[in-house]
Amino acid sequence: MLKGVQKALRFGESKKIRDLEVLVVRVNDLEPEVQALSDSDLTAKTPEFRSRHEAGESLDDLLPEAFAVVREVSRRTLGERHFDVQVMGGIVLHQGKIAEMKTGEGKTLVATLPVYLNHLGGLGVHMVTVNDYLARRDSEWMGVIYGFLGMSVGLIQAHMDPPERRIAYGSDVTFGTNNEFGFDYLRDNMVMEPAHMVQRGHHFAIVDEVDSILIDEARTPLIISGAATESVRWYRQFAQIAKKLRRDQDYEVDEKSRTIAVTEDGVSRVEQMIGVENLYDNVYNNLVHQMEVSIKAKELFRNEVDYIIKDGEVIIVDEFTGRLMTGRRYSDGIHQGIEAKEGVRIREENQTLATITFQNYFRMYDKLAGMTGTAATEADEFRHTYELETVVIPTNEPMVREDLPDLIYKSEKAKFEAVVDDIAECYERSEPLLVGTVSIEKSERLSKMLARRGIEHEVLNAKHHEREAEIIALAGEPHGVTIATNMAGRGTDIKLGEGVPLVGGLKVIGTERHESRRIDNQLRGRSGRQGDPGASRFYLSLEDDLMRRFASNAIGGLMDRFHFPEDVPIENKMVTKAIESAQKQVEAQNFEIRKNLLKYDDVMNKQRELIYGERTALLEGGSFRELASEWIEETVNSAVDTFTNPNSFPEDWDLDGLFVYLAQIFPVSLGREDLELEDLSQEDLRLMLLDDAGRAYEAREVELGEEVMRRLERNVMLEVIDNKWREHLYELDYLQEGIGLRGMAGRDPLVEYQTEAFDMFAQMTQSIKEEFSRYIFHAQIVELEERAPVRVIESGADESPGGEQRQSDKVGRNAPCPCGSGKKYKKCCGVEA
């Protein structure tokens, strides 16, 4: 049965390739005709295609001609002609799918085809990359082609001002990182003037290294946050307490789920140390949090692995790329706990002002496509989450790299000694090596061992990424030895030096298996590009994280039974399969985590769409008189329903309470003495009060003038919506943090979250209308200044309660407030914080 399914799948894949080949032939048939065109004739093709598209010709109809034109322009400007397989990749991207193309197949050049074709609609194309360096490099490199064709090219870089960003987004194609695109979307929904928005919609995005951005970073919500107060003293005190607590006696650690649990003995010891009777009394709830944070910082976060100390700051290291995530912070107090542990300056916790996950950001695009060398293993997730189909594109030349079986050693020490021996042998015969490590700590350990052996080498990790391009360019030269964390695997190309193919090409050595097979495949993929010779091998030990968590007992028992010496490895396909099985388990777990996160975020996303939609309508709309009247009417109606009951006598209504409440909203001219209770119905009272509120509003407009009133309506609406939304996000964070406990009572946490979040949102929307009604009648008009655009002062990262890193922009307390008021954050939205 399974073989039949596999055969059918293979047939389906081959049919896709055959369909692509038909289109490639049409592009190729046009080549002689296009080659005969002059430069000016080629450039003139762009306005011609735009006119034909405006006249009704579809992009699919224009594809063969457009692709043939881009191919010819590339040949003339860069000296690079798109291979047929690259044309296939371009077609797949235009179709809104993922093109899996092996390393060295020229994905950057592939993207020029669909970018050119899709810009013809005039709505702009976003080219998404993993870092600023690649965005800048690709915009300049491929910009030669786009410039020749009369297209404008925009580049988004960190620290750009809003006016620069607006110009970049107005271009035909805009290059930038996933973080910059996402943060600009959030900031656009915090501005007070439409002119301060920088993006112009989400039409078509091509995501380079799509698996890294849409899978690896999908657990990382983008967050714009502001400082919230927290006692620094407690972080320092609990950091000292944590040092005195004993693992397995005072607390237990589950490394697999990255959680800790404090025992009763541990709680008693802490209570004695800080002099409280019961740590879990309500008044000491925050101390429980501080205790848990300090132990997590001690046990689950390691220096030189999860973070480094640089210039007195704790800098997070990205577990997937090895890059320093400068400015990002773990949330929930974890970062402060690490700072206290390491004895550096402690910063304040953050409060969420705006947030979105990458899943929900990229699902906003009308059309989404991606390319990578490693997508097939995650095809199900791409289909489930993004409705993206994955198409594996054939290589231009056959792959001849030899992937050797894993070697497993008993100890890490023996493993590294074997790695160094292998490097020395390759070094002697001039065979270049790329050695992959999982952390900065391991790369520097290996570097010291090589230095002792007198082997010249380069180290490429998060501490030296400024020289990344230079180091990678030389990695394929004779005698080249490059040690790299995972960061070296993306967006870089290693070309072989003279004579290197004769000694076997580039050899890749992995010093540990990553929990994701894709990351391992990316490392292997650095060798064997475009039919080059090469080899790859992974060296493992029973002390490696993945082995220790999933496979060390079985394999360790086997090695002990046969009395394996420390320096003799196991080389067995069955063991390699067991490791891949462990990786599949972790991948499945991570997929479930991402699916679960998305289910929770989908609840918030529906609410975010409503709030942001309302906000955008306010920014772009003309008169707000009708909406203002509607909100005041709903506030009065709600008050009447609260203080009166149609099924009881008017004498029993709380009319005093009603008039006291309404007097806080608007200047009520009616009093209890004006009512004839004998014949009064709830509906009569409602109409009288609505009429009174309407007259008060008209009087307010006469007092201020129509123009000022309209501006006041809009500004008050935006201010109230932003403040209430910020409070709502804080409450949702708090709700999600504790919702898992509902499962212990036999209730589904997600259903509970959905229900409560819906009720909270309904309360928030009613509160917005009530706050607006109060402010619009009581606001004192001094001077209406033009609001400043949102400025992000400092990038940051958080860690969510589930342990995932979250990327964020932190607003400093002395910085301009993101709401656009022009005031300092601490004097505006940061007052409550």
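**Briefing: a buried arginine and its surroundings**

The side chains of Arg-714 and Glu-193 are joined by a polar contact of 2.9 Å (a pair of N or O atoms within 3.5 Å; within protein, one must be able to donate a hydrogen and the other to accept it, and residues adjacent in sequence count only if both atoms are side-chain atoms). This is a predicted model, in which local features need pLDDT of at least 70 and side-chain atom pairs count only at pLDDT 80 or more, while totals for chains, interfaces and linings use all residues. Residues are numbered from 1 along each chain as its sequence is written, and side-chain values use heavy atoms, with hydrogens and water left out. The protein chain has 29 helices and 23 strands; helices (H or I, at least four residues) and strands (E, at least two) are DSSP runs, numbered from the N terminus.

**Arg-714**
- Arg-714 is part of helix H28, residues 706-739.
- With a relative accessible area of 12%, Arg-714 is buried (buried means under 20% relative accessible area, exposed over 50%, partly exposed in between, with a 1.4 Å probe and protein chains only).
- The backbone oxygen of Met-192 is reached by the Arg-714 side chain at 3.1 Å.
- Leaving aside neighbours within four places in sequence, the contacts of Arg-714 (heavy atoms within 4.5 Å) are Met-192, Glu-193, Pro-194, Leu-618, Leu-619 and Phe-624.

**Whole chain and cores**
- Of the 833 residues of the protein chain, 55% count as buried.
- Among contacts in the protein chain with a separation of 6 or more, 74% are between residues 24 or more positions apart.
- The largest nonpolar core has 90 residues; such a core is a set of buried Ala, Val, Leu, Ile, Met, Phe, Trp, Tyr and Cys residues joined through side-chain atoms within 4.5 Å.
- Helix H28 gives the largest share of this core, 12 residues.
- Another core, of 52 residues, lies apart from it and includes Phe-67, Val-85, Tyr-116 and Val-391.
- Leu-214 is one of the residues with the most contacts inside the largest core, and, not counting residues up to four places away in sequence, Leu-214 touches Phe-362, Leu-368, Phe-382, Tyr-386 and Leu-388.

**The seven-stranded sheet**
- An open sheet of 7 strands has the order S3-S4-S2-S5-S13-S1-S14, with parallel pairing; two strands pair if DSSP finds at least two bridges between them.
- Strand S3 (153-155) and strand S14 (390-392) are at the edges with a single partner strand each, so one side of each has no neighbour in the sheet.
- Strand S1 (residues 98-100) and strand S13 (residues 367-372) run parallel and are joined by 3 bridges.
- Glu-100 stands opposite Thr-372 in S13.

**Strands S7 and S8**
- Strand S7 (residues 251-254) has Tyr-251 and Val-253 on a covered face, and Glu-252 and Asp-254 on an uncovered one.
- S7 pairs with strand S8 (residues 259-262) in the antiparallel sense over 4 bridges, and Tyr-251 stands opposite Val-262 in S8.

**Helix H19**
- The 13 residues of helix H19 (residues 440-452) should span 18 Å at 1.5 Å a residue, and the end C-alpha atoms are 19 Å apart, which agrees; the expected span is 1.5 Å times one less than the number of residues.
- Ile-440, Lys-442, Ser-443, Leu-446, Ser-447, Met-449 and Leu-450 are the buried residues of H19.
- Those buried residues pack against elements including helix H18 (412-428) and strand S17 (433-436).
- Gly-454, which follows H19, has a positive phi near 75 degrees.
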